Amino acid sequence: MRRRTLLALTGTALAASHAPPGQAAAPVPPGYRVTWYDARTPGSGRVGSRDVTAAGDGTMWFCGQRNGTLNRLDPKDGAIRVVNLGPGAAPHGVIRGPDGAAWVTEGGQNAIARVDPADHRVRLWPLPERFANANLNTGVFDPAGRYWFTGQNGIYGRFEPRTERMDVWEAPRGRGPYGITRTPQGTLWYVSLAGSHLAQIEDLATGRVRIVEPPTPNQGARRVWSDRQGRLWISEWNSGNVSMHDPRDGSWKVWRLPGERPRAYSVWVDPADKVWLTDFGANAILRFDPVTEQFLAFPSDRASANVRQMDGVDGQAWGGESGTDRIIRIDYGL
Amino acid sequence: MIRLALLALLLAAPVQGEAQGEVKAENGAAIFAARCASCHAAEAGAPPGPGPNLAGVIGRQVGGDPGFDYSPVLRGAAGQVWDAPMLERFLEDPEEMFPGLWMGDNGLRAAADRAAVVQFLRRGAGAR
């Protein structure tokens with residue numbers, strides 16, 4: 001094991017909360033059902049529930065950025081198993097790796113974390129010292145099983161789980177790398193919030209990056225997700241737009257979110273290529289149909305829900321309400 | 001002799017204080033660059049980014065930059081004015097002070113870091 005590998009047996013607290021899930025109080029469009037789950041467990045304090053991903057067995061992982069935890073929610077009864085990620089932890093993003101484990105951009109310890117799906121054991125790989133305070137953001141696996149990640153302070157990196165080698169590069173335009181995604185064709189892309197651009201990691205061996213300029217200046221791209229065709233959908237925080245770039249012909253299309261003051265935070269494209277967005281201005285989750293170009297809104301029943309990321313499985317869109325410490329599930333196609 | 005020494009100490013104290021303030025502001029600039037600058041500018045006239053420009057924030061109303069679209073919780077706090085102690089409390093746990101803040105969970109854990117950032121913003125604003 002390399003020196004920078006830490007085995008953090010910080011423990012899995014089986015602090016199961018069994019708060020029953022709640023149904024939407026407000027009317028929901030036909031064909032949809034909205035369910036909320038309490039993200040808090042006894043003694044957890046404020047959780048700061050944010051990024052979510054499917055664990056592959058019907059449960060959902062979610063990050064507790066405020067209390068330094070990764071959590072595993074069982075939607076059947078609302079039970080939550082809590083994994084303490086270590087002193088000072090403040091996890092931002094979580095994805096499920098090809099090994100079935102949860103892989104976390106653990107900003108508080110400036111490390112990549114792996115949580116074993118069977119025993120919830122935590123392993124940490126800190127970034128090299130010269131990249132302290134990377135402000136780790138989001139990760140994705142490439143087709144070869146290497147984990148790529150972004151850091152808002154102007155870095156992106158690659159971690160090879162097999163050899164535990166980590167490479168980190170300075171982003172070409174400095175601060176801003178935020179969301180990252182992989183297309184079905186196997187290409188990797190990230191967006192820069194501070195730099196307002198899209199970037200392709202076009203050489204996965206050397207890490208070379210190619211910047212693609214969006215049509216809207218200073219758009220403030222937060223997240224990016226691919227549809228089945230490899231088109232890239234981008235949530236624009238500053239402009240309040242959702243944009244789409246098609247790498248096949250270099251084209252862009254842009255739509256402004258409804259309302260007077262939209263703020264597009266996150267984007268997720270479901271398996272049917274419908275686009276799910278979160279709009280802080282409207283305090284709502286939006287579903288955008290690229291065929292009809294219509295938005296459908298799912299406002300939260302509480303103020304300042306602040307859903308910062310979405311993910312899901314076929315028939316279910318999931319998000320973490322960081323402002324209310326709840327996890328939301330929207331069943332669609334009912 | 002003792003009087004002379006005391007006098008020398010008294011005369012030196014403000015100079016030391018200013019020097020410490022300079023050091024703190026320099027540290028604050030570095031901490032600001034590492035922890036805040038991804039979203040916030042601190043130079044007067046710079047356009048807002050994902051967060052508002054913080055040049056001149058001390059002495060400004062909460063949610064007081066007309067060029068920025070703030071979180072509802074900050075718009076609702078208009079009337080309060082940022083001063084150094086309030087800004088230090090905010091930096092310790094922003095969401096504790098303003099629950100539902102769009103900014104997210106980005107506080108500074110070390111009191112010295114918070115003080116240094118506030119000193120940096122004070123100097124930037126020309127307030128001494």
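The confidence score used below, pLDDT, is the predictor's confidence in each residue and runs from 0 to 100. The structure is a predicted model, and as a whole it scores ipTM 0.86 and pTM 0.91. For chain B the mean pLDDT is 84, with 80% of its residues reaching 70 or more, while chain A averages 94, with 93% of the residues scoring at least 70. Within chain B, confidence is lowest in α1(B), where the mean is 67, and highest in helix α3 of chain B, residues 84-92, where the mean is 97. In chain A, residues 1-16 keep a pLDDT under 50, and the model has 31 contacts beyond four places in sequence for them. Where pLDDT is low, the predicted coordinates should not be read in detail.

Chain B contains five helices and zero strands, so that its elements, read along the sequence, follow the pattern α-α-α-α-α. Of its 128 residues, 34% are buried. When contacts in chain B between residues at least 6 apart in sequence are considered, 47% of them join residues at least 24 apart.

The two chains touch each other through 14 residues from chain B and 24 residues from chain A. On the side of chain B that touches chain A, the elements giving two or more residues are α1 (2-35) and α2 (72-75) of chain B. The residues on this side of chain B divide into seven nonpolar, four polar and three charged. One of these two elements, α1(B), is also the place where confidence in chain B is lowest.

Turning to chain A, one can begin with an open sheet of four strands, which lie in the order β13-β14-β15-β16 and pair in antiparallel fashion. At its edges stand β13 (136-141) and β16 (165-170) of chain A, and because each has a single partner strand, one side of each is left without a neighbour in the sheet. From one strand to the next, the twist averages 20 degrees. Between β13(A) and β14 of chain A, residues 147-151, there are four bridges, and the two strands run antiparallel; in this pairing Val140(A) has Trp148(A) as its bridge partner.

Asn135(A) has a positive phi near 55 degrees although the residue is not glycine, and Asn135(A) is buried, with 22 other C-beta atoms within 10 Å. Glu293(A), in the loop between β27 (284-289) and β28 (294-299) of chain A, likewise has a positive phi, near 60 degrees, but Glu293(A) is exposed, with 9 other C-beta atoms within 10 Å.

A further strand of chain A, β26 (residues 275-279), is mostly covered, since five of its five residues are buried. Val275(A), Leu277(A) and Asp279(A) point one way from β26(A), whereas Trp276(A) and Thr278(A) point the other way. On one hand, five bridges join β26(A) to the antiparallel strand β25 of chain A, residues 264-269, with Ala264(A) and Asp279(A) as bridge partners. The hairpin of β25(A) and β26(A) has five residues between the strands, and in it Asp273(A) takes a positive phi near 65 degrees. On the other hand, five bridges join β26(A) to β27(A), again running antiparallel, and here Leu277(A) stands opposite Leu286(A). The hairpin formed by β26(A) and β27(A) has four residues between the strands, and Asn283(A) in its turn has a positive phi of about 50 degrees.

Notes: Residues numbered from 1 in each chain as written. Chains lettered and ligands numbered in written order. Predicted model: local features only at pLDDT ≥ 70, side-chain atom pairs only at ≥ 80, totals over all residues. Buried ≥ 20, exposed ≤ 12 C-beta atoms within 10 Å, placed from the backbone. Contact = placed C-beta atoms within 7 Å. Nonpolar A, V, L, I, M, F, W, Y, C, P; charged D, E, K, R; others polar. Pairing = 2+ DSSP bridges. Axes fitted to C-alpha atoms, helices over the stretch in contact; angles between N-to-C directions.
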